[in-house]
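Please read it with the structure open.

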Amino acid sequence: MPKTLNPLQIVADRWQPSARFVERAALACVVMGVVIVVTGGAVRLTQSGLGCPTWPTCTEDSLTPTPEMGINGVIEFTNRMLTYVLCAIVGVAIVAARARAPRRRPLTRLGWAQFWLIASNGIIGGITVLTGLNPYIVALHFLAATALLTVAVVMWHRSAEGDDAPRDLVARPVRQLSWVLVVATTVLILVGTVVTGSGRHAGDASKNVHRIPLDWREVTQLHVDFVYIVVGLTIALWFVLRAVKAPAVPRRRTVELFAVLMFQGVIGYVQYFNDEPEVVVGAHMFGSCLVWIAVLRVFLSLRDRGEQPVVPAPADGHEAVPAQPAGASSR
């Protein structure tokens with residue numbers, strides 16, 4: 001029986017990417033995940049959510065926006081096209097992870113997980129348009145993008161470490177505190193989507209766009225309360241890490257998280273007291289991505305999976321060399 005040809009295996013037989021290339025490809029997925037969130041926010045803030053009134057085409061008769069649709073149609077359609085750029089970058093990461101020797105299946109699975117999240121979020125985006133920017137579907141659209149960003153960050157981190165069973169670098173209570181920080185930040189993001197769904201930026205100039213029937217100022221106050229909780233947990237985690245003499249990397253990651261939280265807090269207050277100007281709201285969405293990335297990096301830095309696997313010896317019999325960790329010491 002002839003052997004089935006696997007395109008990824010054919011690539012792996014002809015190309016051996018470096019560890020640094022795989023890590024950079026994974027980092028590119030993280031960057032594009034942030035870009036998708038921010039540009040999606042730009043669609044909303046420019047009232048272009050229904051710039052293309054149908055899906056998957058832009059209009060019933062045209063795949064692309066027509067001149068009569070103006071700038072809003074261009075903005076909405078451009079955001080849709082960025083999905084293909086994201087798919088291409090994730091595709092490169094998948095191929096690089098698959099071609100890397102020795103083969104690391106966890107990295108490949110994380111790459112494919114991103115691909116399927118992109119596909120599902122594309123469908124959710126279409127439902128968002130077809131439902132006239134229903135705020136609950138819009139919130140789901142954002143959360144799916146956040147899930148994509150989460151997997152991208154995990155793949156980026158995993159690309160610089162080994163595949164050993166995870167080993168805690170701190171005592172269990174400290175790890176549990178980091179779990180509480182992740183959960184609190186998750187709730188913070190969820191409440192943020194409710195603030196957006198009940199706020200003044202409906203995503204379209206039409207007065208018919210449904211909003212979540214809540215007082216956005218009261219929801220904003222709840223959002224601020226969770227900001228204080230996350231900041232408090234971050235400070236507590238830093239003191240605990242110092243007390244238990246944790247490695248330098250987790251302590252540095254915690255300081256970075258605190259700095260990002262302060263940056264985001266300043267933007268949030270400017271946004272609130274200036275009636276949510278569009279540019280500041282967009283910066284706040286960018287900041288929310290940075291906060292989530294920083295939280296994940298703190299959490300992931302509290303355990304170790306060893307060094308990357310060694311590259312197999314070449315056919316000429318030279319000694320095998322370890323794969324370059326490419327910045328693993330700074331993770």
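1. Asn121 lies in helix α4, which spans residues 105-130; helices (H or I, at least four residues) are DSSP runs, numbered from the N terminus. Asn121 is buried, its relative accessible area being 10%. Here buried means under 20% relative accessible area, exposed over 50%, and partly exposed in between (1.4 Å probe, protein chains only).

2. This is a predicted model, in which local features need pLDDT of at least 70 and side-chain atom pairs count only at pLDDT 80 or more, while totals for chains, interfaces and linings use all residues. Residues are numbered from 1 along each chain as its sequence is written, and side-chain values use heavy atoms, with hydrogens and water left out.

3. Leaving aside residues up to four places away in sequence, Asn121 touches His141, Ala144 and Ala145. Contact means heavy atoms within 4.5 Å.

4. How many disulfides does the structure hold? There is 1 disulfide, the term meaning a pair of cysteine sulfur atoms within 2.5 Å. The partners are Cys52 and Cys58, with their sulfur atoms 2.0 Å apart. Both Cys52 and Cys58 are buried. The torsion about their S-S bond is about -75°, so the disulfide is left-handed.

5. Cys29 is buried, with a relative accessible area of 1%.

6. For Cys289, the closest cysteine sulfur is in Cys29, at 15 Å, again too far for a bond. Cys289 counts as buried at 4% relative accessibility.

Technical notes
Helices (H or I, at least four residues) and strands (E, at least two) are DSSP runs, numbered from the N terminus.
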